[in-house]
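Please keep the sequence and the model side by side while working through the numbered points.

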Amino acid sequence: MSQSPTAIALLGLVAWSLLLVFLLVNQRGLLVMAGRMKVNAFAPDGSNTPGALGQRLVRAHANCLENLPMQAAVLLFALATAQTAITDPLALVLLGARIFQSLVHLISTSALFVWLRFAGFFVQLAVLAWWLLRLANLA
């Protein structure tokens, strides 16, 4: 049986967050094994991680986790109430915007890339707001 776009998006959001944490653990593991950092020296916000990429990776992962509950709740509600006809058309747009936002975050924090990252985030917010209106029968 094929999965609905809503189910794919839900699993994709979790998988993307998991991939980012694997990258983070790998990066930190390599730093510890190379003797560049002690295993208990990492700041939770990544501020003392050598290199800008490590710091951006921490923030990209944290941002995914900050938004995952809200996104997952709406997708799960649609699945549980058999209303995926509302979420299916934009489910993969939501997932794509989430991945886009993270990738842009990993690439750069220049002004242009911050604007691009915001655009990806705004698409996610707009999709979620539209779904909430539709799921609540307000639109």
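This is a predicted model: local features need pLDDT of at least 70, side-chain atom pairs count only at pLDDT 80 or more; totals for chains, interfaces and linings use all residues.

1. Residues are numbered from 1 along each chain as its sequence is written, and side-chain values use heavy atoms, with hydrogens and water left out.

2. The protein chain has four helices and zero strands, in the order α-α-α-α along the sequence. Helices (H or I, at least four residues) and strands (E, at least two) are DSSP runs, numbered from the N terminus. The C-alpha atoms fill a box of roughly 55 × 35 × 20 Å along the principal axes. Of the 139 residues, 40% are buried (buried means under 20% relative accessible area, exposed over 50%, and partly exposed in between, with a 1.4 Å probe and protein chains only). Among contacts with a separation of 6 or more, 66% join residues 24 or more positions apart (contact means heavy atoms within 4.5 Å).

3. How do helices α2 and α4 cross? The axes of α2 (residues 52-80) and α4 (residues 111-135) come within 11 Å and cross at roughly 35 degrees. Axes are lines fitted to C-alpha atoms, for helices over the stretch in contact, and angles run from 0 to 180 degrees between N-to-C directions. Residues in this contact include Met 70 and Phe 77 of α2, and Phe 121 and Trp 131 of α4.

4. Is Thr 6 buried or exposed? Thr 6, in helix α1 (residues 5-33), is buried because its relative accessible area is 0%. Leaving aside neighbours within four places in sequence, Thr 6 is in contact with Leu 75, Leu 79, Thr 84, Thr 87, Asp 88 and Ala 91.

5. The count of salt bridges comes to one (a side-chain nitrogen of Lys or Arg within 4 Å of a carboxyl oxygen of Asp or Glu). Glu 66 pairs with Arg 59, and the closest N and O atoms are 3.3 Å apart. Arg 59 counts as partly exposed because its relative accessibility is 35%.

6. Two residues deserve a check of their backbone angles. Most residues other than glycine have a negative phi. Ala 82, however, has a positive phi of about 55 degrees; Ala 82 is in the loop between α2 and α3 (84-107) and counts as exposed at 69% relative accessibility. Asn 137 likewise has a positive phi, near 60 degrees. Asn 137 is in the segment after α4 and, at 66% relative accessibility, counts as exposed.

7. Lys 38 lies in the loop between α1 and α2 and is exposed, with a relative accessibility of 64%. The C-alpha atoms of Lys 38 and Arg 28, 10 residues apart along the chain, are separated by 9.6 Å.
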